[in-house]
Every structure is written in structure tokens, then in C-alpha cells.
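Hi everyone, thanks for making time today. I'd like to walk you through a few side chains, so please have a look at the screen.

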Amino acid sequence: MRYIVKRFLKVSILLLRIPIEPAGISNLSLCMLYGLPGFVQQAAYTALTDPQALASSEHMRVTYQRRRDRLVSCFQQHQNLSCITPQASMFLLVNVSETGLTAQAFAESLFEQQKIGVLPATAFGECAADFIRISYVVEDSELEDACERIDRFMALLNANKQRA
């Protein structure tokens with residue numbers, strides 16, 4: 001049986017071309033062999049069939065879409081920042097490479113100067129090294145305030161860049 005599982009995983013990984021660390025093989029095999037736990041399946045079923053859950057989910061989807069759109073417009077108004085609009089997420093990845101700062105330096109400066117916490121997206125790999133990750137799970141008023149502070153930060157950053 002162990003040979004069959006190893007062979008199945010090896011073929012599956014090769015077919016999917018997913019680089020998986022040896023430590024992750026155990027978790028992958030559990031999901032592939034046993035599927036999702038019953039309580040997760042029940043939660044998904046309820047979320048997709050219960051009218052109250054559907055209404056709540058739709059309200060949440062609209063709320064996050066509004067927040068996402070506001071944050072995207074905040075970043076896109078700055079020439080040296082760019083982002084890809086996610087279809088479904090609580091986070092936005094913003095490319096800061098055109099600012100002349102690393103993602104780490106950008107995150108630290110934004111926090112020090114404007115008290116806005118963002119994370120460098122380096123945890124997602126080398127392809128995300130130029131990105132920061134910002135969450136939009138806060139209330140709309142807090143998000144609006146953050147956008148104003150980001151605007152101030154970018155104005156100062158650009159002014160300093162022109163002086164140099």
C-alpha cells in the first residue's frame with residue numbers, strides 16, 4: 001500500500017508540475033486520499049445552500065469588492081506603484097519596484113512615517129520580491145484614512161526623490 005501511495009503521489013506531482021517540499025508530501029497525501037474533513041464539507045454545503053448564509057456571503061463579497069476597488073484606485077493613482085486587481089481576496093499585492101525602494105524598505109518607511117502596516121511579499125518567493133501585501137479587512141473609514149496617508153507618503157517619497 002505504501003508503494004502505491006508513493007507512486008500515486010509521484011505521478012500526481014509530476015503531472016501537476018508542482019514543486020512540493022518533502023515535508024508537504026504528508027499533507028498532500030492526506031488530502032488526496034481522504035478529502036476534506038466532514039466539518040469543512042458541512043460548512044461548504046451550508047454556505048452554498050442556506051439562504052441566510054448566501055445573503056451574508058453576498059454582503060461580504062460586495063463589501064470586499066468595494067474595499068478592494070478603493071485600495072486599487074489609491075495605488076494606481078501613483079505612477080511608480082502598480083497592482084493587479086485580485087478576483088477574490090482580502091489582500092492586495094502592490095509592486096513598489098519603481099519607487100527605488102525594496103519592498104522591505106518601503107514597508108518599513110510607510111510604517112515609520114504614516115503608521116500603516118504592510119508586509120513585503122517576499123514570503124511568496126522571488127517572483128514577489130518587489131511587492132508589498134496590504135490587507136483590506138478594516139472598516140471603510142479606516143481604509144479611506146489609510147489611502148490618504150499612503151498619498152501623503154508617496155508625495156513625500158516623490159519630493160525626496162526629486163531633490164536627490
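Val138 sits in the loop that runs between strand E4 (131–135) and helix H6 (140–163); helices (H or I, at least four residues) and strands (E, at least two) are DSSP runs, numbered from the N terminus. Before I go on, this is a predicted model, where local features need pLDDT of at least 70, side-chain atom pairs count only at pLDDT 80 or more, and totals for chains, interfaces and linings use all residues. Residues are numbered from 1 along each chain as its sequence is written, and side-chain values use heavy atoms, with hydrogens and water left out.

Now, the aromatic residues. How many aromatic pairs does a search of the whole structure find? Two. For a pair, ring centres of Phe, Tyr or Trp (its six-membered ring) must lie within 6.5 Å; planes under 30 degrees apart count as stacked, over 60 as edge-to-face, and the rest as tilted.

Take Tyr64 and Tyr136: their ring centres are 6.2 Å apart with the planes at 55°, so this pair is tilted. Tyr64 belongs to helix H4 (residues 51–76) and Tyr136 to the loop between E4 and H6, so the pair links distant parts of the chain, 72 residues apart. Tyr136 is buried, at a relative accessible area of 1%.

Then there are Phe106 and Phe153, with ring centres 5.2 Å apart and planes at 85°, so that pair is edge-to-face. This pair also links distant parts of the chain: Phe106 is in helix H5 (residues 103–114) and Phe153 in helix H6, 47 residues apart. Phe106 counts as buried at 1% relative accessibility, and Phe153 is buried with a relative accessible area of 1%.

Let's stay with Phe153 for a moment. Which residues does Ser109 touch, not counting those up to four places away in sequence? Gln114 and Phe153, where contact means heavy atoms within 4.5 Å. Ser109 lies in helix H5 and is buried, with a relative accessible area of 18%.

Last stop: charges over rings, meaning NZ of Lys or CZ of Arg within 6 Å of the ring centre and within 35 degrees of the ring normal. Arg133 lies over the face of Phe91, 4.0 Å from the ring centre. Lys115 lies over the face of Phe111, at 5.5 Å from the ring centre.

Terms used
Buried < 20%, exposed > 50% of the residue type's maximum accessible area, 1.4 Å probe, protein only.
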